[in-house]
Amino acid sequence: MGLTRKGLLRPLSAAVAMAATTVLVAGAAAAPVDVDPVDVASAPGAAAAPAPRADLAHHGHVSLWGDRIAIRIRSENRGPSDVTASTVRLRFSAPLAASQELPYGCLRGGKAAVLCETGGLRSAGGARQTALDLTLAGSPDEVVVRLDTVWSGGARDTDRTNDVHEVLAPATGDAYVF
C-alpha cells in the first residue's frame, strides 16, 4: 500500500511494490537493474515454460530550471507479446526534496529515485503517458536522469536499447529528449 498526497492508503500494483522494496531493502538506488526475468521450473526436473517476449520502449523529455524538474515519458510495447504490467524507474544525480506530490501509480524509491507503474501495455498497442513535476532538494546547474524498466510483467525484453536511457539536463528550462 502507498500513501496518497492526503495521507490515505491506496493500493499499488505488486510490481511497483516489489520494485520499491527491492530498491529500499538493497539500498542500491544507484545501481541499475539490467537483469531480465529468469525462467523458473515449477517443480524439480520439470521443463521451464519460455517467458513471453516483448519490446518495451520509453521515450520523452526532461526539463530542469531552478529547483524544478519535469519529466514526460511515453511508454509502449512493440511486441510480440502483451505485457500485463511494467514499472519504470527514474534515478536522479541530485536528491529530491523530502516533500513531493507524485502522480497516481508512482512512489519514492529512495532519496533520488521514483518508480512509476505503466500498467498493461498491449503489443503494438497505444502508449501510456507519465508526467512528473518534481522539486529537487537544491538548485543544481545540471542533473543526470537515468531511466530504466525494472519490471516487465514477466516478459523477456531482448532489446534494452530503447527502455534504458541516461539524459543530462542543464538548468536551462529547455526540453532534453530521450
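Buried means under 20% relative accessible area, exposed means over 50%, and partly exposed covers what falls in between. Keep these cut-offs at hand during the tour. The model in the viewer is predicted.

**Stop 1**

Select Arg-78. Its relative accessible area is 43%, so Arg-78 counts as partly exposed. Glu-76 itself is buried, with a relative accessible area of 15%.

Next, select Arg-74. Its side chain also meets that of Glu-76 in a salt bridge, at 3.0 Å from N to O. Arg-74 is partly exposed, at 38% relative accessibility. With Arg-74, Glu-76 and Arg-78 shown together, you have a network of salt bridges.

**Stop 2**

Colour the two by accessibility. Arg-146 is partly exposed at 28%, while Glu-166 is exposed at 57%.

**Stop 2: the loop between E9 and E10**

Stay with these strands and select Ser-152, which is found in the loop between E9 and E10. Is Ser-152 buried or exposed? Its relative accessible area is 10%, so Ser-152 is buried.

**Stop 4**

In soluble globular proteins, nonpolar side chains tend to be buried together. To see the largest nonpolar core here, which has 24 residues, begin with those that make the most contacts inside it: Ile-69, Ile-71, Phe-92, Val-114, Leu-132 and Leu-134. Then show the strands that each supply at least two residues of this core: E3 (56-65), E4 (68-77), E5 (87-92), E7 (113-117), E8 (128-135), E9 (142-151) and E10 (165-170).

Centre the view on Ile-69. Leaving aside residues up to four places away in sequence, Ile-69 touches Val-62, Ser-63, Leu-64, Phe-92, Leu-132, Asp-133, Leu-134, Leu-136, Val-143 and Val-145.

Finish with a second, separate core of 5 residues. To find this core, select Ala-54, Leu-56, Val-83 and Leu-121, which are among its members.

Technical notes
Residues are numbered from 1 along each chain as its sequence is written. This is a predicted model: local features need pLDDT of at least 70, side-chain atom pairs count only at pLDDT 80 or more; totals for chains, interfaces and linings use all residues. Side-chain values use heavy atoms; hydrogens and water are left out. A nonpolar core is a set of buried Ala, Val, Leu, Ile, Met, Phe, Trp, Tyr and Cys residues joined through side-chain atoms within 4.5 Å. Buried means under 20% relative accessible area, exposed over 50%, partly exposed in between (1.4 Å probe, protein chains only). Helices (H or I, at least four residues) and strands (E, at least two) are DSSP runs, numbered from the N terminus. Contact means heavy atoms within 4.5 Å. A salt bridge is a side-chain nitrogen of Lys or Arg within 4 Å of a carboxyl oxygen of Asp or Glu.
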